[in-house]
Structure formats: structure tokens, C-alpha cells
Amino acid sequence: MIGLAMRAAIAATVLASLTGCQQAQTPANPRVDAFAKLPDWSGLWEPNIFSGEGIGQGLSAEGLRNAAPVLSAGSKIPFTAEWQAKYDAALAALAAAVAADPDHPPAPAYDNCASPPFVMNMISPALYQWRITPEETTIVDTIKGIRHIYTDGRSHPPSDELWPTRTGDSVGHWEGDTLVVDTVAVKPDILPFGFTSIRMSDQLHFVERIRMVSHDEIQNEFTMEDPVALTKPLTATFGYARVTDTDRMIDETECDSTTDRNPVVEGRFTSQTTR
């Protein structure tokens, strides 16, 4: 008769053999391996400028502190002399329009119920989700915004196949846990960290370095280049805070800019809400 110890040894040997065969028959899945190398940015996020946001989208003390670097960059855009004159003229025109009717300031040219053009679409008062796959990172917000950043190794299309769009053409790659994004073909009328748009040159180019710096913060180091309109690149850093008071995206697109929220009549807001 076979002793208990011998039976146990035989059973262990058979089990190990079966396990080895099963593992040998399971093929490697490169896409699963690629997913395993990506960072986890799941959850809901908002630009930290709007942390603790008050009534009427008024910034809280925390939000104002977080906004300081962006506001500072927006006030020091290194325009060439020609473009500085254009920007000053745009600011003067806006100031004159506000002075003409201070109680009803002019509304932006874009739909104020929707995601604004790039760059401001990345720091809008909305909730964001980052959908990361090996092929692309997709950024979705609650105000009609969606942005595709392709990370499958493709390059930008040839120049004769590119045309300017509101968010441009973005390709990226991962450097460790940092997503490096290159964006071209943005419509030349941009909002550089403010509400005064200005038309840049056809050489406008953006680079972003996006990474999670803690469990509750994602940081975007943003650089805008335009060798025609700028004397040097403009760099600014802004962040996103994890949202903890809701667990789902809510569609905010059912908004008529002429009747809802802050109605627009003849290009002007009809009411103002202050803190």
C-alpha cells in the first residue's frame, strides 16, 4: 500500500504538472500588458481653480490661490510688438464694450453653454474624466467637450490634410507616468487664459506634460509656442482636483444660451451674479 506521505507527494506532483500545462497553454496578451503599464487616473476631476466654487461661479479663496499661476501667465504673454498691438486693441475694444453697458457685459463669441475653445476648454468650470487606453487618452467633460489624444505611435497628418479645429490635432506618448501631448492645427482665434480672443499665426503649437502628482491632484505643465506671434514660448502650470462630492458625470448640455442660466440677448449677458 502507498503511504499517506507518498500519496500527498504524488498529488502535489500531478497538480503542479496540470498547473504548468494550463499556464503554458495561456498565450500572453500584449494589450493586457500595455494596460498594466498605464497610470490610473479614474474618477472625476475638476480644475482646482474651481475648488470650493461659490455662487455664480465665483472663485473661493482656495480657487483664487490655485488660479494665481494661470492669471500671472495670462498677464505676461510674450507677444511680439506686432501682436502686442493687436492684443492691446482687443483688450481696449472689450473694455469699451463693457463700459458702454456695465450691467450687461458682452458674452463670448462661443456658446456659453458649451466647452470653450482650446486652451480654455482644459480649465473650464466642468467635471472631467480621463479615459486612458494604450491607443489613446480621451478627455470628456460635462459641457460637450471631448478631446482625443492618440498614443498609438501615429504622427500628425500631413500639412495638406490638416485643417484648424476647435481643439486641434493631438498626439502623445508616455514618459513613465507622464503623458506628453503635442497639439497643432488649433483654430487661430484662441483664448489664452482669459476671455479676450486673439488670432495667432499658422505656426501655433502646444506641448503639455500631464501627470498625477498625488492621489487627489493631476498637474498639467502647458507650453504655447508661436515663433511669429511670440518672442518666446509661454509656459503655465494648472491642476485638477479629485471630485469627492459626486460619483457620476452629469450632462449639462441641455442649456439654451439665449434663455437659460445667464441669458444672452444681442450678444450681451442680461444678468450678473456676484458672491
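In which loop does Lys-144 lie? Lys-144 belongs to the loop between S3 and S4, helices (H or I, at least four residues) and strands (E, at least two) being DSSP runs numbered from the N terminus.

## Basis of the model

This is a predicted model, in which local features need pLDDT of at least 70 and side-chain atom pairs count only at pLDDT 80 or more, while totals for chains, interfaces and linings use all residues. Residues are numbered from 1 along each chain as its sequence is written, and side-chain values use heavy atoms, with hydrogens and water left out.

## Overall make-up

The protein has 4 helices and 13 strands. Of its 275 residues, 38% are buried, where buried means under 20% relative accessible area, exposed means over 50%, and partly exposed lies in between (1.4 Å probe, protein chains only). Among contacts with a separation of 6 or more, 56% are made by residues 24 or more positions apart, a contact being heavy atoms within 4.5 Å.

Lys-144, although not a glycine, has a positive phi of about 75°. With a relative accessible area of 42%, Lys-144 is partly exposed.

A positive phi, near 60°, is also found at Ala-185, again a residue other than glycine. Ala-185 is placed in the loop between strand S6 (178–184) and strand S7 (189–190), and its relative accessible area of 17% makes it buried.

## Aromatic pairs and charges over rings

The structure holds 10 aromatic pairs, counted for rings of Phe, Tyr and Trp (its six-membered ring) whose centres lie within 6.5 Å, with planes under 30 degrees apart taken as stacked, over 60 as edge-to-face and the rest as tilted. Phe-79 and Tyr-87 form a tilted pair, because their ring centres are 4.9 Å apart and their planes stand at 45°; Phe-79 is buried, as is Tyr-87. The pair of Tyr-128 and Tyr-240 is edge-to-face, because the planes are at 65°, with the ring centres 5.7 Å apart. This second pair links distant parts of the chain, since Tyr-128 is in strand S2 (residues 128–132) and Tyr-240 is in strand S11 (residues 234–242), 112 residues apart. Tyr-128 is buried at 1% relative accessibility, and Tyr-240 is buried at 0%. One aromatic cluster is formed by Trp-41, Phe-118, Tyr-128, Trp-130, Trp-174, Phe-206, Phe-222, Phe-238 and Tyr-240.

Charged side chains also meet aromatic rings, a charge being taken to sit over a ring if NZ of Lys or CZ of Arg is within 6 Å of the ring centre and within 35 degrees of the ring normal. Lys-86 lies over the face of Trp-83, at 3.7 Å from the ring centre, and the charged end of Arg-154 sits over the ring of Tyr-150, 4.0 Å from its centre.

Pro-78 is placed in the loop between helix H3 (61–74) and helix H4 (81–100), and it is buried, with a relative accessible area of 11%. Its C-alpha atom is separated by 5.7 Å from that of Thr-231, 153 residues away along the chain. When neighbours within four places in sequence are left aside, Pro-78 is in contact with Ala-229, Leu-230, Thr-231, Lys-232, Pro-233 and Leu-234.

## Cavity and pocket

On a 1 Å grid over the protein atoms alone, a cavity is a set of points where a 1.4 Å probe fits but cannot get out, and a pocket is an open set with protein on both sides within 12 Å along at least five of seven lines, lining residues having an atom within 4 Å of a point. Grid points are joined across faces, edges and corners, and a volume is the space filled by probe spheres set on the points. The structure holds 1 cavity of 30 Å³ or more, and the largest cavity has a volume of about 70 Å³. Its lining consists of Ser-115, Asn-121, Met-122, Tyr-128, Ile-139, Asp-141, Gly-145, Ile-146, Arg-147 and Thr-167, and the elements giving two or more residues to that lining are strand S3 (136–141) and S4.

The second largest pocket contains about 230 Å³ of space and is lined by 14 residues, of which Thr-165, Thr-167, Gly-168, Asp-169 and Ser-170 lie nearest its centre. Strand S4 (146–150) and strand S5 (169–175) are the elements that give two or more residues to this lining, and S4 gives the largest share, 4 residues.
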